[in-house]
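Biologist: I'm new to this one. Could you walk me through how to read it?

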Amino acid sequence: MDLKNYTPETRITFDNRKTTIFKQDDAWYALAAIPLKAKPGTYDFKIQQDGSTRVSGVEVRDKKYQEQHMTIKNKRKVNPNEQDMQRITSERVLKRAAKNHWSDSYPDVDLIWPVSGEISSIYGLRRFFNEQERNPHNGLDIAAPEGTDIKAPADGTVIEAGDFFFSGNMVYVDHGQGLISLYAHMSRIDVKPGDELRRGDNLGAVGQTGRVTGAHLHFAVMTNGILFDPLYLLP
């Protein structure tokens, strides 16, 4: 959504959540995302400025995504045991904090590709592991040889990095205004929380850690905690 007469005091929300504000070609815009599980209906942008509120509705329609069936050899990655679940529960706290991280700096939304390779899984696929349906695919899988360097697609700050049960070695990067990118299944991590990155800096390398069927990078982006298709921001 384009914004006229935007100032830092302007408050813009979508479905009662803050939005990512960015500038491009001397104009200001608000970026919002719709969860894959959102129900059809009208969702509102609300712009509060100079004591007044303007509302602009967005109609969300039903969409049926394609299915993807995968066989995972490590059955615990599909049906974790009790000890695994304790780990997964503790990791959810870290993931939630990273997804909801906020900084006031304005992001550059013209991203570069973090790796070059064939897209092996697109955003939105309904996923079945060992014929059991799980959460839909919320990112972009890019197939590349193990050890391929992963580049930061834009300036940002590392806010989380570590080994996660399902995601393997994973890094979260804050780009500002709630725009967060993440990189999963890495063979190695070359950054740590607090590191300041510039576009093109190395984050680590492609791998096959966590729940995978082969070497690839799972690349995802989110605005204010809602994951959306990275292709919208990639050339």
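Modeller: Let's start with a charged pair: the side chains of Lys192 and Asp195 meet in a salt bridge, 3.0 Å from N to O. The term means a side-chain nitrogen of Lys or Arg within 4 Å of a carboxyl oxygen of Asp or Glu. Keep in mind that this is a predicted model, where local features need pLDDT of at least 70 and side-chain atom pairs count only at pLDDT 80 or more, while totals for chains, interfaces and linings use all residues. Residues are numbered from 1 along each chain as its sequence is written, and side-chain values use heavy atoms, with hydrogens and water left out.

Biologist: How many salt bridges does a search of the whole structure find?

Modeller: The search finds 11. Among them, Asp190 and Arg188 meet at 3.0 Å, N to O, and Glu59 pairs with Arg61, with the closest N and O atoms 3.8 Å apart. There's also a network of salt bridges linking Glu67, Arg126 and Glu133.

Biologist: Are Glu59 and Arg61 buried or exposed?

Modeller: Buried means under 20% relative accessible area, exposed means over 50%, and partly exposed is in between (1.4 Å probe, protein chains only). Glu59 has 56%, so it counts as exposed, and Arg61 is exposed too, at 65%. Asp190 is partly exposed at 37%, and so is Arg188 at 35%.

Biologist: And Asp84, buried or exposed?

Modeller: Asp84 has a relative accessible area of 5%, so it is buried. You'll find Asp84 in helix α1, residues 82–99. Helices (H or I, at least four residues) and strands (E, at least two) are DSSP runs, numbered from the N terminus. Leaving out residues up to four places away in sequence, Asp84 touches Arg76 and Phe165; contact here means heavy atoms within 4.5 Å.

Biologist: How do I read a sheet?

Modeller: Strands of a sheet pair through backbone hydrogen bonds, either parallel or antiparallel. Two strands pair if DSSP finds at least two bridges between them. Here, three strands make an open sheet with mixed pairing, in the order β8-β10-β11. β8 (67–70) and β11 (132–133) are at the edges with a single partner strand each, so one side of each has no neighbour in the sheet.

Biologist: How many bridges join β8 to β10?

Modeller: Four, and these two strands run parallel, with β10 covering residues 126–129. Met70 stands opposite Phe129 in β10.
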